[in-house]
Each structure stands twice: as C-alpha cells, then as structure tokens.
Amino acid sequence: MDSILGAAIGLGVAAVGIPAIVGAAGFTGAGIAIGSLGAKMMSASAIANGGGVAAGGVVATLQSIGAAGVPTAVSAAASATGAVLGAITDIYS
C-alpha cells in the first residue's frame with residue numbers, strides 16, 4: 001500500500017508541484033516574467049554565453065517546463081521513485 005501512496009505522491013509532485021514552483025520563479029506559458037528570478041537567470045545566462053541563452057541549458061529547460069509542463073519521462077521517473085521509496089518504507093517498518 002505504501003508503494004501506491006508513494007507513486008501517487010511522486011506523480012503529484014511531478015505533475016503539480018514542479019510546474020507550480022517553476023511558474024512562481026517566473027517561467028510561464030507567456031514567457032519569462034519581467035523582474036522575476038527567471039529573468040535574472042536568463043540575463044546571467046545570456047551574459048555568460050555572449051548574448052544568447054544556450055539550448056538545453058537550465059534556463060531553457062525551466063522555460064520549457066513553464067510553457068508546456070513536465071515531460072512524461074520526468075513524471076514517470078518521479079512516480080517510480082515514489083513507489084520505490086514507499087516499498088522500502090513498507091519493508092523496513
């Protein structure tokens with residue numbers, strides 16, 4: 001039973017928690033919010049990369065999550081991790 005609960009918690013964190021945190025940091029579906037942590041990160045990344053933001057970098061990945069949500073692979077991994085932790089808890093308690 002703990003593994004099912006763990007999987008549900010993992011899925012909830014991946015599907016709801018991560019996008020909420022990323023959105024609160026300023027990475028939104030409409031772009032990066034002015035004056036947000038995301039804007040500061042984008043500025044620092046652009047300065048470090050000579051004026052552009054690197055594709056596949058942290059800022060680009062967070063913006064992708066802000067715009068489209070968490071990829072299915074991440075949701076599956078979070079669910080599996082929650083299930084394993086729940087099973088381990090069940091075994092050792």
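This is a predicted model: local features need pLDDT of at least 70, side-chain atom pairs count only at pLDDT 80 or more; totals for chains, interfaces and linings use all residues.

Visitor: Does S45 count as buried or exposed?

Guide: S45 lies in helix α2, where helices (H or I, at least four residues) and strands (E, at least two) are DSSP runs, numbered from the N terminus. Buried means under 20% relative accessible area, exposed over 50%, and partly exposed in between (1.4 Å probe, protein chains only). Because its relative accessibility is 16%, S45 counts as buried.

Visitor: Which residues does S45 touch, apart from those up to four places away in sequence?

Guide: Residues are numbered from 1 along each chain as its sequence is written, and side-chain values use heavy atoms, with hydrogens and water left out. Contact means heavy atoms within 4.5 Å. With residues up to four places away in sequence not counted, S45 touches G52, V53, A54 and V59.

Visitor: Which residues make up the largest nonpolar core?

Guide: V59, a contact of S45, also touches F27, I32, M41, M42 and V53, not counting residues up to four places away in sequence. A nonpolar core is a set of buried Ala, Val, Leu, Ile, Met, Phe, Trp, Tyr and Cys residues joined through side-chain atoms within 4.5 Å. The largest one has 6 residues in all, namely V22, A25, F27, V59, I65 and V70.

Visitor: With which residues is A25 in contact, leaving aside its neighbours within four places in sequence?

Guide: A25 lies in the loop between α1 and β1 (27-28). A25 is buried because its relative accessible area is 16%. Its C-alpha atom is 6.3 Å from that of S36, 11 residues apart in sequence. Neighbours within four places in sequence aside, A25 is in contact with S36, L37 and G38.

Visitor: How far apart in space are L11 and A76, C-alpha to C-alpha?

Guide: L11 is found in helix α1 (residues 2-24) and is partly exposed, because its relative accessible area is 42%. Residues up to four places away in sequence not counted, L11 touches V16, S75 and S79. L11 and A76 are 65 residues apart in sequence, yet their C-alpha separation in space is 7.3 Å.

Visitor: What distance separates the C-alpha atoms of T81 and G26?

Guide: T81 lies in helix α4 and counts as partly exposed because its relative accessibility is 45%. Along the chain, T81 and G26 are 55 residues apart, and the separation of their C-alpha atoms is 27 Å.

Visitor: How far apart in space are P71 and V13, C-alpha to C-alpha?

Guide: P71 lies in the loop between α3 (58-68) and α4, and it counts as partly exposed because its relative accessibility is 42%. P71 and V13 are 58 residues apart in sequence, and from C-alpha to C-alpha they are separated by 13 Å.

Visitor: Does L85 count as exposed or buried?

Guide: The place of L85 is in helix α4 (residues 72-91). Because its relative accessibility is 51%, L85 counts as exposed.

Visitor: Which element of the protein chain has the lowest mean pLDDT?

Guide: The mean pLDDT of the protein chain is 82, and 92% of its residues reach 70 or more. Among the elements, helix α2 (residues 37-48) has the highest mean, 94, while the lowest, 75, belongs to α4.

Notes
pLDDT is the predictor's confidence in each residue, from 0 to 100.
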